[in-house]
Amino acid sequence: MLWGTRNAWSTVIRDYPVEIRKGTGRTNTALRIAAASDIHLGNIVGNRHLKRMVERINDLKPDLILLPGDVIDDSIEPFLRNKMSETLKQLKAKYGVYAVLGNHEYYGGHIEQYVDEMKNIGIKVLRDEVVEVETEEGSVVIAGRKDKTAESMDPVGRKPVAELLSGVDPSRFIIMMDHQPYGFAAAADAGVDLLLCGHTHRGQFAPNHWLTGRLFELDWGYMKKNEMHVAVSSGYGTWGPPIRIASRSEIMKIDVGFLK
């Protein structure tokens, strides 16, 4: 129990260097992305753990910060009561902070209020949306999918990846956030260069990691799917008890190198 508590509250930085052969016309320029999924802000994971996350991410001096879903844990009430948005808005990145919805935002039933709260602190929640960000390394496309839960809980469902990216210039560097790690082949075929996911917590406590390892093509870590880089995080916070066995609280640091 003590070891599991330490794993839950003591965060590690996972380094994922990737190389992309398109987008800039320059050699070995770099873009640093910091990503934290599954924060699960609520009555257990609160401002203290959130402040540590903000400090660790800002210390990385990221160009871009991405939050691939489950920022809040079901109900928005603790998030509002404890003014966690005041802490979250201290995240700093040269090219902004973007998020997508996870299944727990849907379970809580306060999506519009949550999206508005995030907008008020300068964080754009992408719901089957694409934004283009101009950087020193060139134009970067960030696509954010609605969570898979939208297929059953959103009256308009969610777009297929190919439809979401249908108007995107394939010569651009394309990042996509999709909370649950499904459909890698479809994303690769649609031209995604970097796919970021979370959701699994890597089982959170053993032996659940054996189950998630069988359920998902990749339940944690890094892989390359054709020409697409995939990183699945075990998450920053916890769902339920603040215990992790065979998994760790983590932040992903992705250094993107661009090659001619």
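How many of the nine residues of strand β12 are buried?

## A strand on the inside

Eight of them are, so β12 (residues 250–258) is largely enclosed by the rest of the structure. Here "buried" stands for under 20% relative accessible area, with a 1.4 Å probe and protein chains only. Strands are DSSP runs of E with at least two residues, and helices are runs of H or I with at least four, numbered from the N terminus.

This is a predicted model, where local features need pLDDT of at least 70 and side-chain atom pairs count only at pLDDT 80 or more, while totals for chains, interfaces and linings use all residues. Residues are numbered from 1 along each chain as its sequence is written, and side-chain values use heavy atoms, leaving out hydrogens and water.

## Strands side by side

Let's look at the partners. Nine bridges link β12 in the parallel sense to β1 (residues 12–20); two strands pair if DSSP finds at least two bridges between them. Arg-14 has Met-252 in β12 as its bridge partner.

Elsewhere, an open sheet with mixed pairing holds six strands, ordered β6-β7-β8-β9-β11-β10. Its edges are β6 (129–135) and β10 (221–225), each pairing on one side only.

## Nonpolar cores

A nonpolar core is a set of buried Ala, Val, Leu, Ile, Met, Phe, Trp, Tyr and Cys residues joined through side-chain atoms within 4.5 Å. The largest has 33 residues, and those touching the most other members include Leu-41 and Met-53. A second, separate core has 26 residues, among them Leu-31 and Tyr-98.

Notes
Buried means under 20% relative accessible area, exposed over 50%, partly exposed in between (1.4 Å probe, protein chains only).
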